Amino acid sequence: MMTDGANSNPGGLSLKAGFEPSVASPLPHFVMKGLLLAGGSGSRLYPLTRVVSKQLQPVYDKPMIYYPLTVLMAAGIREICLISTPEDEPRFRQLLGDGEEWGIRLHYRVQSQPRGIAEAFLLAEDFLAGSPVALMLGDNLFFGGDAFPRAVTDFRSGAQIFAYHVQNPGDYGVVELNAEGCAVGIEEKPDVPRSNYVVPGVYLYDGEVATIARNLQPSSRGELEITDVNLEYLRRGQLKVQRLSRGTAWFDAGTSSSLHEASAYVQSIEKRQGMKLGCPEEAALRRGFITIEAFEALAAIMPACEYRVSLQAVAGEYRRLGARGA
């Protein structure tokens, strides 16, 4: 089944760039958990990644990992597990901590070797404990629209992937759609793509996903492929596809060129609007994870910098206009 990402905006949601709706009041604690993948060798970004993880590289004014983390938080997800390499896991802990200051709980797992995206479900199986999960790749950045928060809210069972129209589909996993907009096939980096719709790095799965991952056979690359997980849900008739609207911007920031493009996009939007994108503190405030007093306290202990000034401006607007107006 496919639904269009260009939805109306009913009362209570004030849309902001970055898959990030603001809300007028605290939302309930969602059952869905989050997995955030920040592993891999980052070979496409060499030599930048010789000493610093790909997902810790700057995207304009913030570490890359801030952006997908903010997307998960803005969708109401408060239990998140980050998976990284043995070398980089301590650095993510130093940057993000346990999430308490943002009103969330961050857990960490180590992937000792790059054995595929789907291995994440096995590494974090104790964390998931049968809960539905939103999986995000740490080098995928999304801006605009409310497709993902709504999908999290509406998710019930099976699996849901997203479809994004690109000019170079052969570089990605391609989803083939029939006349009714239903998925009929998914191919990983095909030589002859059957559509221009590709699957970006954000996925929703029910509690069966760990069992499915455990029964996968490694690919020719020796990895557990996320495409094979999606194909199994498709075989079961349980795979939904949601097309992202033209107002959504997606960057796979795994190459030097795409990293630069993402940085330029963020700089342009922030300069134009005077607001930060990919800000976990603001997502925590607008989702009701923390109070305005806690938000102001976070800004107060930061050094003098643009980021602090931006948070103080958010706090001032929040105080003046209230949660709905801000």
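This is a predicted model: local features need pLDDT of at least 70, side-chain atom pairs count only at pLDDT 80 or more; totals for chains, interfaces and linings use all residues.
The largest pocket has a volume of about 1200 Å³. Its lining comprises 43 residues, of which Arg-44, Ile-117, Leu-137, Asp-139 and Asp-252 are the closest to the pocket centre. By class, the lining residues divide into 18 polar, 14 nonpolar and 11 charged. Strands and helices both contribute: β4 (33–38), β13 (183–188) and β17 (249–252), together with α7 (226–235) and α8 (256–273), each supply at least two residues of the lining.

Helix α10 spans residues 292–300, and its buried residues are Ile-292, Phe-295, Leu-298 and Ala-299. These residues lie on the same side of α10, because they cover an arc of only 120 degrees around the axis. An α-helix has 3.6 residues a turn, so residues three or four places apart point the same way.

Side chains of opposite charge can pair when their charged atoms come close. In the whole structure, 24 salt bridges were found. One of them joins the side chains of Glu-79 and Arg-105, with an N to O distance of 2.5 Å. Glu-79 belongs to strand β7 (residues 79–84) and Arg-105 to strand β8 (residues 105–110), so this pair ties together parts that are 26 residues apart in sequence. Glu-79 counts as buried because its relative accessibility is 9%, under the 20% limit. Arg-105, at 52% relative accessibility, counts as exposed.

A salt bridge is also formed by Arg-214 and Glu-125, whose closest N and O atoms are 2.2 Å apart. This pair links distant parts of the chain, 89 residues apart, with Arg-214 in helix α6 (residues 209–214) and Glu-125 in helix α4 (residues 125–128). Arg-214 is partly exposed, with a relative accessible area of 41%, and Glu-125 is likewise partly exposed at 32%.

For the salt bridge between Glu-306 and Lys-276, the closest N and O atoms are 3.9 Å apart. Glu-306 is in helix α11 (residues 306–325), whereas Lys-276 is in the loop between α8 and α9 (280–286); the pair links distant parts of the chain, 30 residues apart. Glu-306 is exposed, with a relative accessible area of 56%, while Lys-276 is buried, with a relative accessible area of 11%. Both residues belong to a network of salt bridges that also links Asp-61, Lys-62 and Glu-270.

Key: Residues are numbered from 1 along each chain as its sequence is written. Side-chain values use heavy atoms; hydrogens and water are left out. On a 1 Å grid over the protein atoms alone, a cavity is a set of points where a 1.4 Å probe fits but cannot get out, and a pocket is an open set with protein on both sides within 12 Å along at least five of seven lines; lining residues have an atom within 4 Å of a point. Grid points are joined across faces, edges and corners, and a volume is the space filled by probe spheres set on the points. Helices (H or I, at least four residues) and strands (E, at least two) are DSSP runs, numbered from the N terminus. Ala, Val, Leu, Ile, Met, Phe, Trp, Tyr, Cys and Pro count as nonpolar, Asp, Glu, Lys and Arg as charged, and the others, Gly among them, as polar. Buried means under 20% relative accessible area, exposed over 50%, partly exposed in between (1.4 Å probe, protein chains only). The arc is that of the directions from the helix axis to the C-beta atoms. A salt bridge is a side-chain nitrogen of Lys or Arg within 4 Å of a carboxyl oxygen of Asp or Glu.
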